[in-house]
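Here is a briefing on one helix and its surroundings. Look at the model first, then read the points below.

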Amino acid sequence: MAICDRCNGEIATGEGYAVYSTSPISLDSGGKEIGAMLFCDKCANDLFTENVWKEAKDLTESARREITRITVLAEPDIFGRLNALTSLTQKMHDFSIAMGAKRRGLGPNEARQEAREISQLWWKDRKAAENLLLQNVRGKKRWRFWK
Ligand SMILES: [Zn+2]
């Protein structure tokens, strides 16, 4: 069993989708990335869509800050702000994951298939899966299970 890195939901052993987010850990992380994440089915359904692929864009640090500030301040109370921050964080991960895939010419379905395949490696050797995800994002080595 594992916990989904996006919604904290449960992922049964051998399931899930391994992805890589270049989104920063926090606004004050100095650009340190979240990195490898394991998503549940529900989050994969949110992420791997034509819409996310269409909307996704690279955000600069200052754009991120500004979007966060506007989104959070639009909420009248602390609970609204926390919820807004959570869904915004998820959206930023989705965008960053989609951008990484788009740069390699992968559509949502191909990216979903790849994330599923890499999750199989994740359960056997998490470190190897993380290295693979990193290589894919950095473009040092183009790697695919299906050929
Ligand atoms: Zn999830």
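The buried residues of α5 are A111, R112, E114, A115, I118, S119 and W122. Buried here means 20 or more other C-beta atoms within 10 Å of a residue's own; exposed means 12 or fewer, partly exposed is in between, and C-beta atoms are placed from the backbone. Seen down the axis of α5, these buried residues fall within an arc of 160°, so they line one face of the helix. The arc is that of the directions from the helix axis to the C-beta atoms.

This is a predicted model: local features need pLDDT of at least 70, side-chain atom pairs count only at pLDDT 80 or more, and totals for chains, interfaces and linings use all residues. Residues are numbered from 1 along each chain as its sequence is written.

**Helix α5**
- Helices (H or I, at least four residues) and strands (E, at least two) are DSSP runs, numbered from the N terminus.
- The 17 residues of α5 should span 24 Å at 1.5 Å a residue, and its end C-alpha atoms are 25 Å apart, which agrees. The expected span is 1.5 Å times one less than the number of residues.
- Exposed residues N109 and K124 sit on the face turned away from the buried side of α5.
- The buried residues of α5 pack against β3, β4, α1, α4 and α6.

**α5 against α6**
- The axes of α5 (residues 108–124) and α6 (residues 126–138) come within 5 Å and cross at roughly 145°. Axes are lines fitted to C-alpha atoms, for helices over the stretch in contact, with angles from 0 to 180 degrees between N-to-C directions.
- I118, L121 and W122 in α5 meet R126, A128, A129, L132 and L133 in α6. Contact means C-beta atoms, placed from the backbone, within 7 Å.
- By class, this contact of α5 with α6 has seven nonpolar, no polar and one charged residues.

**Nonpolar core**
- The largest nonpolar core has 31 residues. Such a core is a set of buried Ala, Val, Leu, Ile, Met, Phe, Trp, Tyr and Cys residues joined through C-beta atoms within 7 Å.
- Among the residues with the most contacts inside this core are I118, A129 and L133.
- I118 touches A18, A129, L132 and L133, not counting residues up to four places away in sequence.

**Exposed sites**
- L82 lies in helix α4 (residues 78–103). L82 counts as exposed because it has 11 C-beta neighbours inside 10 Å.
- E50 is found in helix α2 (residues 50–55). With 10 C-beta neighbours inside 10 Å, E50 counts as exposed.

Note on methods. Two residues are in contact if their C-beta atoms, placed from the backbone, lie within 7 Å. Ala, Val, Leu, Ile, Met, Phe, Trp, Tyr, Cys and Pro count as nonpolar, Asp, Glu, Lys and Arg as charged, and the others, Gly among them, as polar.
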